[in-house]
Amino acid sequence: MKTLVAATLLALGGLLSQAALAADEHAGHMTMGKAASEAPLTDGVVKKVDRAAGKVTITHGPLINLAMPAMTMAFRVKEAAWMDQMKADAKIRFLAESINGSLTIVRFEAVK
Ligand SMILES: [Cu+2]
């Protein structure tokens with residue numbers, strides 16, 4: 001009986017820590033906190049740069065922090081200067097977040 005109780009408690013503990021992890025991850029979506037900046041960068045290829053609109057169209061791999069599969073879409077860019085390194089067919093690595101409802105590139109690296 002003791003063993004069963006211990007096993008149940010262990011299983012429960014596992015579930016609780018998973019729930020806690022999920023909650024942390026969710027918090028990362030909602031804030032501009034540390035958690036998001038630690039998310040892995042995603043590979044992308046620039047398709048189009050619209051400086052006037054401040055938007056860049058990118059064919060991107062899965063965006064884990066946004067639960068978004070690979071696709072081609074437009075993003076806003078947090079630092080306008082990054083657009084200097086974003087030309088059609090340029091390979092980049094980036095992190096996007098939803099800022100005031102707009103998906104925005106918040107971290108950017110050019111791939112050489
Ligand atoms: Cu997308």
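Modeller: Leaving aside residues up to four places away in sequence, L103 touches F75, R76, A96 and S98. Two residues are in contact if their C-beta atoms, placed from the backbone, lie within 7 Å. This is a predicted model: local features need pLDDT of at least 70, side-chain atom pairs count only at pLDDT 80 or more, and totals for chains, interfaces and linings use all residues. Residues are numbered from 1 along each chain as its sequence is written.

Colleague: In which strand is L103 found?

Modeller: L103 is found in strand β5. Helices (H or I, at least four residues) and strands (E, at least two) are DSSP runs, numbered from the N terminus.

Colleague: Why is L103 called partly exposed?

Modeller: A residue is buried if 20 or more other C-beta atoms lie within 10 Å of its own, exposed if 12 or fewer, and partly exposed in between, with C-beta atoms placed from the backbone. L103 is partly exposed because 17 other C-beta atoms lie within 10 Å.

Colleague: Which residues touch the most other members of the largest nonpolar core?

Modeller: A nonpolar core is a set of buried Ala, Val, Leu, Ile, Met, Phe, Trp, Tyr and Cys residues joined through C-beta atoms within 7 Å. The largest one here has 15 residues, of which V46, V56, F75, F94, A96 and I105 touch the most other members. Two or more residues come from each of β1 (42–50), β2 (55–60), β3 (71–77), β4 (91–99) and β5 (102–110). The most, four residues, come from β4. Beyond four places in sequence, V56 touches V46, V49, A74, F75, V77, M83 and M86.

Colleague: Which residues have a positive phi although they are not glycines?

Modeller: A67 is one of them, with a phi of about 55 degrees, and A67 is found in the loop between β2 and β3. A67 counts as exposed because it has 9 C-beta neighbours inside 10 Å. N100 also has a positive phi, of about 50 degrees, and N100 is found in the loop between β4 and β5. N100 is exposed, with 6 other C-beta atoms within 10 Å.

Colleague: Where does pLDDT stay under 50?

Modeller: pLDDT is the predictor's confidence in each residue, from 0 to 100. It stays under 50 over residues 30–34, for which the model has two contacts beyond four places in sequence. The mean pLDDT of the chain is 81, and 66% of its residues reach 70 or more.
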